[in-house]
Amino acid sequence: MRSPLRHRCPEGDGMGTQAPPSSHSGPTKNLAAFVSRLRWSNLPDDVQQAALRHLIDTLGVISGGASTDLSQRVASLLPVSRSGVCVPGRPERFSALDAAYLGGISGHGLELDDGFRDGSVHPGVAVVPALISAAQERPVDGETFMAALVAGYETIATVARAYHPKLRQRGFHPTSAVGPFGSAAAIARLLGFSLGRTEAALGLSSSSAAGTFAFLGGGADVKRLHAGHAAREGFWAATLAQADVVGPPNVLEVSDGFGQSFAGLPGSAPFSKPPGQPFGLSDCYFKPYPCCRHLQPALEGVLAIRRDHALDPQDVTEIQVETYSIAAEHAKTGWDDFASAQLSFPYVLLLGLRFGAVELKHFAPEHLADHTFHALKPLVRVRATEEMDALYPAQRPARVTVKTVQGRHTRFFGEALGSRDLPLSDDRLAGKFIGLVSPLLGRGRAEGVLEALWQLPKAPEVGRLIADLAV
C-alpha cells in the first residue's frame, strides 16, 4: 500500500492551489519557519545526543507496549495490509496512519514513555510513531529522519510550555491536545515542506486537538488512546496540507484559535523556542518507573527513606506527601485496572513501601486484587500546598514524611531520576531498551538492533532498520 503522503517535496515547493501563507508574523508562522529551516548538522552535540536517546527509548517502549491487552484489542480492529508498514513489537502490517495510531497507543501503554515537565506532555509517543510509519514508505536517510524528530519534539515543547498549566487546569490532556502539532511538524520536516505548507499543517492539526483528563476518575485506557490520536491526527494533517487543503493561518494565537479555545489565552501566551529558548528536547525526561511521572518524585522519597533507614513496612504508621496541585489530584485515583493503578498515588507509594521497587510485574492482576494494599490505603495522605505549587513547573516537587513506631523521616525531591538534573545513563537506558525488546526478539537480536540505532543518524535508509523491530 502506498503512503497517504506523496513523495518528498523539494525545499521551497510551491503551494499549488492552496491559499498563500499568512503575512502575519506571529507564533504560528515563527514556529513553522523554525521547523522548515531545521537541519540536523546545525544542531548542538548535546541536542543530537538527546534526540538519539529519546528515539531509542521510545522505540523500546512502543515495542514493549505492543502486546498489552489494549494494543491487542485495537490491533484486532484495524485492517491488516500485506504491503503496509510495521509497528515495533507486532507481526502485522498496517496502513501508515493505522500504524501511527497503534504505535502511539503502544508507546503510552506501559507508562514508561518520555515527557516534558514544563508542558506536562509526552512528546515521543506523538512524534515517533508518525515518523517511523512515514519512513517505512519512502527512502529517508538518518539525518533527515533525526531532524524531523527534533522538529516534532520542539514544536510540542514550544506549544505545551506556552499554555501550561492553563491547558491542564481546564481539564485537557496536553499529549492529545498539543501532540498533533508535533506529529504534523515532524512529517512536514521529513518531507521538506515549505514554510507555507508547514503552517497549513499546523493549522489543520489544531482542529484535531482533543482529550480530557476525565480518566483520573476511571476508564484510564482512554489515556493510551490519546497518544495514538496525537500521532495519527498530526500525520493526517500533514497529508491534507500536502494535498493543498487549506489550514487556518495563525492558529495558535488568532481569536477563536487554539490558545483561546484550550487555554483561554488568545495571542498572549509567552511563546519561546530556540535559539531564544534552550532546546526543549534536552530537558525532556526518561521514566525509570512504569507509573505517572507526577508520582515519581514522591516515590523516590519513599524508596530513599525505606532504603536509608532499613524500614520494615509493618512499622510504618503514615506516609505524608506534600506536592503540587496537579500531582495531588492523583491521590483520588484507585487501582481497579492496570491503567488506573499506574496513575494512583496510594497504590504506587504502597508498592514502593512494600517491595522497595515499582516494576511492571507489580501491576499484574494478582497484585491489584491483593487486599493488603486496600488495608494500607489509609496510611497514605497526599495534599497540595502553596509552597509546592510555587515551585511547579520549574520543579516537580514532593516532600515525603514517613512515620513509624520509632519516629519519622522526611525527604524532599525536586525531581525524579531520568530528568536533566538526575540523568539516566546510557547504560541504564540501554538496559531498559533490552529489557523491553528482548522478550520479543531475543537478546541477541535486540542487542544488534540497539547497536544499529546508536548509529542511525549515519544510516542511508531508516525504514529497514525500523522494520527490524517487527516480531
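Modeller: A quick definition before we start: a salt bridge here is a side-chain nitrogen of Lys or Arg within 4 Å of a carboxyl oxygen of Asp or Glu. Also, keep in mind that this is a predicted model.

Biologist: Good. Which residues are linked in a network of salt bridges?
Modeller: The network links Arg 117, Asp 118, Arg 293, Arg 396 and Glu 415.

Biologist: How many salt bridges does the count come to?
Modeller: The count comes to 28 salt bridges. One of them is between Glu 111 and Arg 224, where the closest N and O atoms are 3.0 Å apart.

Biologist: Nice, what does that pair tie together?
Modeller: Glu 111 sits in the loop between helix 4 and helix 5 (124-135), while Arg 224 belongs to helix 10 (residues 221-242), so the pair ties together parts that are 113 residues apart in sequence.

Biologist: Are those two buried or exposed?
Modeller: Glu 111 is buried, with a relative accessible area of 0%. Arg 224 is buried as well, at 2%.

Biologist: What about Arg 399 and Glu 322, how do their side chains meet?
Modeller: They form a salt bridge, at 3.4 Å from N to O. Arg 399 is in strand 5 (residues 398-404) and Glu 322 in strand 3 (residues 316-323), so this pair ties together parts 77 residues apart in sequence. Glu 322 is buried, with a relative accessible area of 18%.

Biologist: Changing topic: where is Ser 95?
Modeller: Ser 95 is in the loop between strand 2 (93-94) and helix 4 (96-107). Ser 95 is buried, at 17% relative accessible area.

Biologist: What does its side chain reach?
Modeller: The side chain of Ser 95 reaches the backbone nitrogen of Asp 98, at 3.2 Å.

Biologist: Last one, helix 1. How many of its residues are buried?
Modeller: Eight of the eleven residues in helix 1 (residues 27-37) are buried, so the helix is mostly covered. The buried ones are Thr 28, Lys 29, Leu 31, Ala 32, Ala 33, Phe 34, Val 35 and Ser 36.

Biologist: And what covers them?
Modeller: The cover includes helix 6 (142-163), helix 8 (174-190) and helix 9 (195-206).

Terms used:
Residues numbered from 1 in each chain as written. Predicted model: local features only at pLDDT ≥ 70, side-chain atom pairs only at ≥ 80, totals over all residues. Heavy atoms only, no water. Helix = DSSP H or I, 4+ residues; strand = E, 2+ residues; numbered from the N terminus. Buried < 20%, exposed > 50% of the residue type's maximum accessible area, 1.4 Å probe, protein only. Polar contact = N/O pair within 3.5 Å; in protein donor to acceptor, adjacent residues only side chain to side chain. Contact = heavy atoms within 4.5 Å.
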